[in-house]
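Keep the model in view as you read.

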Amino acid sequence: MNTDALPASPLAASGALTARPALPEPPSTRAADHGLRSVTDWAPIDAELQGLELISAPGALRALSRDFHWYSPVLQAQLADCRAGRVVRVSTEEDVLRVAGVAARHGLPLTVRAGGTGNYGQCVPLVGGLVMDVTPMMRVLEIAPGRVRAQAGARLADIEAAVREGGQALRLWPSTWRVATLGGFICGGFGGIGSTEHGVLRDPGNLLRCRVVTVEAEPRVIELQGEEIQQVHHAYGTNGILTEVEVALAPATDWVHVLVHFEGSPSGYRQLLDSAQRSVCGALRAFLMSAVDARFAPYYPALTGHFPAGRHALFAMVAPEALADFDALVRAQGGVLSFALNEAALLAAGLPPAWECAYNHTTLQALKADRGWTYLQVAYPQPFDPAVVQRQLQRWGDEVLQHQEFARMGGAPATFGLLLVRWRGAQRQAELIEEIERDGCTVFNPHVVSIEEGGMKTIDAAQIAFKRRADPHGLLNPGKTRGWLPGMARALPLASDKLHSPPSA
Ligand SMILES: Cc1cc2nc3c(=O)[nH]c(=O)nc-3n(C[C@H](O)[C@H](O)[C@H](O)COP(=O)(O)OP(=O)(O)OC[C@H]3O[C@@H](n4cnc5c(N)ncnc54)[C@H](O)[C@@H]3O)c2cc1C
């Protein structure tokens, strides 16, 4: 794909932007560039993994080497040929220990795959090797007041169903929770539905405990508690394999899903953002607060008549006792309540839940109709100033559609944008990123595969130190962290010389 085919923006043409590389250089997809060897003979590995479900059919290998990175035309091109040589399915911690040992003894690149819903090629095996599918590890192990412990491959929606029976609920989950797993959320996710009330994953009290398997000839289990879990959180499975996780629960609430619409002008969007901002800054209990501009309406066919053409929309989940205050607050800003229903009533009416209209599900609605879109993720400086969005709305016109999420982070309000961007080539994406950063915002670049170039910006020394303990040979998900260099790997105890002929130049 020629990613630079389209003309540069007027800003660049005027010389206001200095030439900037389109997007960072991607990591190599050659095993040798990561100090690893490509597997030439799977027979001894297959033999050692006998008894586990092993997949080698080309179609299945292709499908199980992909995730939702296709949101980015850049990653779609970059990762098109990345394929596992084998996929192994595991259902117990013993299975994981066994696979980890085989990987270490054979110097085999090993990438963990769970629901496969990540957006940045997080579970795509850059250099091939073995993919370990953990979704059969799906058991909920223990439910107690305020906490649940489950195998890492358990789906979040299944965990929720189990804890709801006892009047409890997960504190936060991604909008993909029907497929996404607990371990995948912790290793690949950030926050989501529920972050309006409980903050993001890394906020104190959300993550309680986990068990991590190391990748060594004799694998071990390391237990992490509380803050220690930050060492593996959002590390893309590069520094250990989670087998069990314990997270905090909240008392269950029968949230009211509300759709409010506002006048479709720039000032109408300002009023919408002001309403959302006031809702999350006040005492009103809300689980979700998601704003989209009027141009999203055609992408919500299930909401025809409820999300009227030419009106901006605010999707919220508010506590039943907060509904009257929320209604008064939005009305004061010119908002009109389209509906306010609990989830059972909503589903009975054939309407989508608010959480399916938020976070990256919003982007998905648009992509289903038009693959010419991509997106950029933005964190706005706090305290959030809606004027920034208003200026950007006017500056970019129909090239960028506005979508903001109102959450909490570190105990304070946090506002994120998932801007829907018309794809006009990598150079134009880089220009937009620069323009957004000039406005004082932070961009979490969704067109890159490394942890650092995407969200985290800097190398997390604690995560790299943990990788030295849990993945000393550098076999886990190679290429996904810029903090690990081939020279840092401890020499492998070789299982077979045949497999480890020196890498070709
Ligand atoms: C439509 C859509 C909406 C989304 N909404 C949100 C959202 O609201 N919030 C959010 O944070 N994200 C969101 N995402 C991204 C993604 O869905 C979540 O991060 C999700 O939690 C990933 O879980 P998964 O089971 O699919 O993990 P996968 O995609 O399979 O894996 C994610 C990463 O974690 C690693 N991993 C998985 N399991 C383990 C394990 N047991 N041990 C070690 N490493 C492991 C993988 O190697 C990979 O690097 C969205 C994506 C899409 C496509």
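Q: At what angle do helix H9 and helix H13 pack?
A: This is a predicted model. Helix H9 covers residues 266-281, and helix H13 covers residues 386-396. Their axes are 10 Å apart, and the packing angle is about 150°.

Q: Are H9 and H13 roughly parallel or roughly antiparallel to each other?
A: The two helices pack at about 150°. Angles over 145 degrees count as roughly antiparallel. H9 and H13 are therefore roughly antiparallel.

Q: How many nonpolar residues does the contact of H9 with H13 have?
A: In H9, the contact residues include Tyr269 and Leu273. In H13, Val389 and Leu393 are among them. By class, the contact has 3 polar residues, 2 charged ones, and nonpolar residues numbering 7.

Q: Is aspartate 293 buried or exposed?
A: Aspartate 293 meets arginine 295 in a salt bridge, at 2.7 Å from N to O. Arginine 295 counts as partly exposed, at 25% relative accessibility. Buried means under 20%. Aspartate 293 has a relative accessible area of 1%, so aspartate 293 is buried.

Q: How many residues apart in sequence are the parts that arginine 395 and aspartate 439 tie together?
A: The closest N and O atoms of this salt bridge are 3.0 Å apart. Arginine 395 lies in helix H13, while aspartate 439 sits in the loop between helix H14 and strand E19. So the pair ties together parts whose separation in sequence is 44 residues.

Key. Residues are numbered from 1 along each chain as its sequence is written. This is a predicted model: local features need pLDDT of at least 70, side-chain atom pairs count only at pLDDT 80 or more; totals for chains, interfaces and linings use all residues. Side-chain values use heavy atoms; hydrogens and water are left out. Axes are lines fitted to C-alpha atoms, for helices over the stretch in contact, and angles run from 0 to 180 degrees between N-to-C directions. Helices (H or I, at least four residues) and strands (E, at least two) are DSSP runs, numbered from the N terminus. Angles under 35 degrees count as roughly parallel, over 145 as roughly antiparallel, 65 to 115 as roughly perpendicular and the rest as oblique. Contact means heavy atoms within 4.5 Å. Ala, Val, Leu, Ile, Met, Phe, Trp, Tyr, Cys and Pro count as nonpolar, Asp, Glu, Lys and Arg as charged, and the others, Gly among them, as polar. A salt bridge is a side-chain nitrogen of Lys or Arg within 4 Å of a carboxyl oxygen of Asp or Glu. Buried means under 20% relative accessible area, exposed over 50%, partly exposed in between (1.4 Å probe, protein chains only).
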